[in-house]
Amino acid sequence: MPTSGSEVLREMTRAIQDAKRQRDALQTQHREILQQTDDLVGQRGQTLVELAESYLPELSQTTVRQVWNEIRPAIQDVLLRKEARHRELVAEHQRLEAVQTQLRGELQTLNGKLDAIYGERDSLSKQLSEQLSGDPAFQQLTDKAAIAEINLQRAESSLAEVEHDVIAKLPAYQRSRLFQYLHKRKMGTPQYTARGWRRRMDRWVGRLIDYPKARKSYEFLSEVPGKMRELIAERRDALNQLLDRLERSQQKVAAELGLDKVLEQIESREDQRDDLLEQLEQTVVQTNANGAEIDKLLDSEGPYYAEAIEKYRRLLEQTHTLTLEQRAAQSPDPIDDQLVARLKHLDEEIQQFQKAADARRRQLKEAEDFAESIDYLVQQFQRARFDDSRSYFDDKLNIRESLSRLADGRERPDLLWQHIRRHQHTAPNWYEENSRRVVNAANSPMGQILLQTMAHAAGAALRENARRAGSRRMSYPTSSTRSSSRTTSRPRMPTPKRSGFSTRKGF
């Protein structure tokens with residue numbers, strides 16, 4: 001039974017989807033195998049580190065003499081560098097501790113000097129206070145400053161209360177449309193100029209909201225805070241002037257007593273103490289960092305020990321497992337035997353996973369090649385327009401079996417495409433079917449007799465026209481030609497002489 005081109009295309013599309021699903025599944029399996037292989041390789045590396053640590057538990061002269069001869073020079077070099085670095089760090093630690101001791105001594109001496117100067121400052125400050133307390137002019141200025149301070153505090157308190165009222169009450173006046181109307185017209189002021197009916201209406205509105213009282217409250221809330229701030233600024237300036245006079249009087253007496261020079265000495269010595277404290281703090285930080293590096297150097301997991309273990313691990317990694325087994329058998333400690341046995345087991349597992357990964361890689365390559373081959377076939381199929389509604393394939397094409405051979409590698413894409421082309425056919429369109437009927441009618445015995453009779457009956461000038469008329473008559477078959485064409489009609493899906501789409505008729 002013939003197969004339509006669209007059905008063949010659906011089979012190839014379904015095969016592409018199946019191939020891509022298989023490819024995705026193989027990719028997932030391949031990634032999982034690689035991840036498991038990486039985990040095993042990591043376990044093997046850790047096992048090598050443990051084996052190296054069992055052969056070199058610490059980095060010392062005693063343990064270095066017991067390592068393998070192949071690695072002993074490299075481990076000895078690491079040990080020598082570690083000991084040299086340890087000597088450098090110890091010398092630096094001793095120097096920093098000496099600097100700390102020196103700075104602490106200087107700081108202690110400076111604190112003693114400051115204590116003496118503080119005592120002198122306190123004594124002179126007491127004399128200054130007693131002398132100023134007995135000065136009538138200074139006492140009078142002090143009283144005035146105290147009164148000015150009281151008045152300033154009262155004014156600031158009053159301003160705070162007024163500002164609180166402004167925040168609470170002023171928005172009501174600003175939102176009142178009647179009040180704002182009268183206020184903008186300046187009612188109640190000499191600038192109010194309304195007359196007649198408008199004036200009477202404004203007065204009526206004013207009586208309605210008690211505008212005179214409301215205007216006084218509004219002006220108070222709007223103007224008084226500003227005036228109070230001006231008053232407070234004036235009182236603050238007056239207080240500052242009194243304080244300046246008091247300060248000048250104090251500085252004059254302090255200079256007479258020598259207190260100002262004592263205060264300068266205190267400031268200078270305190271700056272020196274701050275510098276010493278900063279130096280001491282930096283030295284302490286450096287000493288602590290130096291001590292931490294010494295501890296890390298002596299630690300079993302220090303950088304030099306880690307370097308030695310890494311060198312040992314590389315040697316063990318390059319050594320064959322059989323050699324490791326022989327070396328472990330020579331050691332009385334069973335730990336290395338256990339570690340080598342674990343290494344052997346890990347090597348076997350890694351080898352198995354690598355084989356599985358190679359197999360998956362080959363299968364993945366085959367699946368990708370198969371998907372690309374079908375993509376090629378679909379492109380050629382659509383480019384040749386074999387998926388057209390009039391395109392069909394005979395029974396000799398089994399597309400599923402052909403795709404199966406392609407998947408198994410028994411068929412090449414280009415040969416399969418040639419096989420598909422050989423078994424592709426195209427059903428004729430209306431024009432081709434009618435043309436075939438005309439040809440059949442003209443080739444029948446009655447058609448030939450009609451053409452000859454018309455040619456003889458017409459004159460010489462009209463003979464060719466008569467022949468064309470007879471040919472035109474043949475395009476409308478008679479009852480005899482119709483019956484002849486019915487007996488020779490093609491099956492439902494005819495198989496004409498194969499020409500593919502080379503004629504391009506009907507498209």
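This is a predicted model: local features need pLDDT of at least 70, side-chain atom pairs count only at pLDDT 80 or more; totals for chains, interfaces and linings use all residues.

Colleague: Which elements have the lowest and the highest mean pLDDT?

Modeller: Helix α17 (residues 479-487) has the lowest, 42. Helix α8 (residues 259-298) has the highest, 91. Over residues 466-507, pLDDT stays under 50.

Colleague: How do I check the span of helix α7 (residues 211-257)?

Modeller: Count 1.5 Å a residue. Helix α7 has 47 residues, so it should span 69 Å. Its end C-alpha atoms are 68 Å apart, which agrees.

Colleague: Where does α7 bend?

Modeller: At glutamate 223, by about 35 degrees. Proline 225 follows within four residues. After α7 comes glycine 258, with a positive phi near 85 degrees.

Colleague: And how do I read two helices together?

Modeller: Two packed helices are described by the angle between their axes and the distance between the axes. Take helix α3 (residues 72-133) and helix α9 (residues 303-318): their axes come within 10 Å and cross at roughly 175 degrees. Angles over 145 degrees count as roughly antiparallel, so α3 is roughly antiparallel to α9.

Colleague: Which residues meet between α3 and α9?

Modeller: Among them are Ala74, Ile75 and Val78 in α3, and Tyr304 and Ala308 in α9.

Colleague: What about helix α1 (residues 5-55) and helix α11 (residues 334-383)?

Modeller: Their axes come within 7 Å and cross at roughly 160 degrees. α1 and α11 are therefore roughly antiparallel to each other. The crossing is left-handed.

Technical notes
Residues are numbered from 1 along each chain as its sequence is written. Side-chain values use heavy atoms; hydrogens and water are left out. pLDDT is the predictor's confidence in each residue, from 0 to 100. Helices (H or I, at least four residues) and strands (E, at least two) are DSSP runs, numbered from the N terminus. Contact means heavy atoms within 4.5 Å. The expected span of a helix is 1.5 Å times one less than its number of residues. The bend at a residue is the angle between axes fitted to the seven residues ending there and the seven starting there. Axes are lines fitted to C-alpha atoms, for helices over the stretch in contact, and angles run from 0 to 180 degrees between N-to-C directions. Angles under 35 degrees count as roughly parallel, over 145 as roughly antiparallel, 65 to 115 as roughly perpendicular and the rest as oblique. A crossing is left-handed if the near helix is turned anticlockwise from the far one by less than a right angle, and right-handed if clockwise.
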